[in-house]
Amino acid sequence: MNLKLAIQKSGRLYDDSVKLLKECGIDINNNVKNQLKATASNFPIEVFFLRDDDIPQYVEDGVADIGFVGENVIYESQKKVDIVEQLGFGKCRLSFAVSKSENYTGKEFLQGKKIATSYPVLVQKFLDENNIQAEIHVISGSVEIAPGIGLADAICDLVSSGSTLFMNGLTEAEIILQSQSALIKTPELSEEKQAILDKLLFRIQTIKKAKNKKYVLMNAPNEKISQIVNVLPGMKSPTVLPLTIEGWSAIHTVLSESEFWEHIQEIKSIGAEDILVLPIEKMVV
Ligand code: ATP
Ligand code: ZN
């Protein structure tokens, strides 16, 4: 029995989806670009490669048991699937954008305007919630050129860095959804398949926990240790090991990226030396 997973065939989510499986220790045939599906050699999973827009439908129907897909696509599709876990990649936002020369003062700007988008469901929902009447023009690609050719007064599209908007003379005016890729699941899953999913989820959560964490090592004179340990948040309490030099110890701890930057100068000024920061691959807590 294999769990059937749908991922994007090619595009922005492909590399990170395959990388996540690899980090989970799941080997799928690397040369998969032109294949429809591939079976893992060391985990009961079969991977289907599909267009991202089709993934919610396949998962709702149970043709695929689970899928990795953007939340923007999940909500826009209105399919009955369960969102099980955010995956931390494919981060973007769905935003209104207007021409740089336009004076956008607030949502009211959109009243009576023509809006070009590939996300009519999410845009209509936003308009309804804000009591705005506007005309939606659905276009499937290159939405950002619509204002320039006189097709629309505003667009609503996915933004990450904002460089596409910038290159087209547009400016981001209003965020309506923050999105990232998520693991979705079909509403009906057999017990046996649920057990495989639980195993996969455990691995994904283990990797997610480690992603933002750093293993930090430093040396310090013994009389400074309690002062340093007081500053360090750490997971439980830091490990302190004697060095071969009399009167010195090594302190080992785990910090998030932001905790590290927040405390490092103080720790150094107390007297820590030789501070090393290492990435953590996996973390089971
Ligand atoms: P497909 O051929 O599978 O239909 P696509 O062209 O619809 O591909 P991509 O452009 O590969 O899709 O984007 C896939 C997903 O990546 C988006 O639905 C979104 O969740 C995410 N994403 C992250 N950043 C961006 C961005 N700047 N622009 C568009 N999508 C982004
Ligand atoms: Zn798509």
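Strand 13 (residues 239–242) and strand 14 (residues 248–256) run antiparallel and are joined by four bridges. This description, like everything that follows, refers to a predicted model. Within the pair, Val240 of strand 13 stands opposite Ile251 in strand 14.

The two strands form a hairpin, with five residues between strand 13 and strand 14. In the turn, Gly247 has a positive phi of about 85 degrees.

## Domain division

The protein chain is divided into three parts: domain 1 (3–90 + 180–210), domain 2 (92–179) and domain 3 (213–279).

An open sheet is formed by six strands in the order 2-3-1-4-11-5, and its pairing is mixed. Strand 2 (37–39) and strand 5 (82–86) are the edge strands, each pairing on one side only. From one strand to the next, the twist averages 25 degrees.

Within this sheet, strand 1 (residues 3–8) and strand 4 (residues 66–70) run parallel and are joined by two bridges. Ala6 has Gly67 in strand 4 as its bridge partner. Helix 1 (residues 14–23) packs on the sheet, where it touches strand 1, strand 3 (45–50) and strand 4. The direction of helix 1 makes about 145 degrees with that of strand 1.

Strand 7 (residues 114–117) pairs with strand 9 (residues 154–159) in the parallel sense, over three bridges. Here, Ile115 has Ala154 in strand 9 as its bridge partner. In a regular strand, the side chains alternate between the two faces of the sheet.

## Interface of domains 1 and 2

The C-alpha centres of domain 1 and domain 2 lie 30 Å apart. Contact between the two involves eight residues of domain 1 and ten residues of domain 2. The size of an interface is often given as the accessible area lost when the parts come together. Domain 1 and domain 2 bury about 760 Å² between them, and 52% of this area is on carbon and sulfur atoms. Asn72, Tyr75 and Glu76 supply 67% of the area that domain 1 buries against domain 2, more than any other three residues.

As to polar interactions, six residue pairs are in polar contact across the interface of domain 1 and domain 2, with both residues at pLDDT 80 or more. The count of salt bridges between domain 1 and domain 2 is zero. Helix 3 (residues 71–77) gives the most to the side of domain 1 that touches domain 2, contributing four residues.

Conventions: Residues numbered from 1 in each chain as written. Chains lettered and ligands numbered in written order. Predicted model: local features only at pLDDT ≥ 70, side-chain atom pairs only at ≥ 80, totals over all residues. Heavy atoms only, no water. Pairing = 2+ DSSP bridges. Domains from an automatic or database assignment. Contact = heavy atoms within 4.5 Å. Buried area = accessible area lost by both parts, 1.4 Å probe. Salt bridge = Lys/Arg side-chain N within 4 Å of Asp/Glu carboxyl O. Polar contact = N/O pair within 3.5 Å; in protein donor to acceptor, adjacent residues only side chain to side chain. Axes fitted to C-alpha atoms, helices over the stretch in contact; angles between N-to-C directions.
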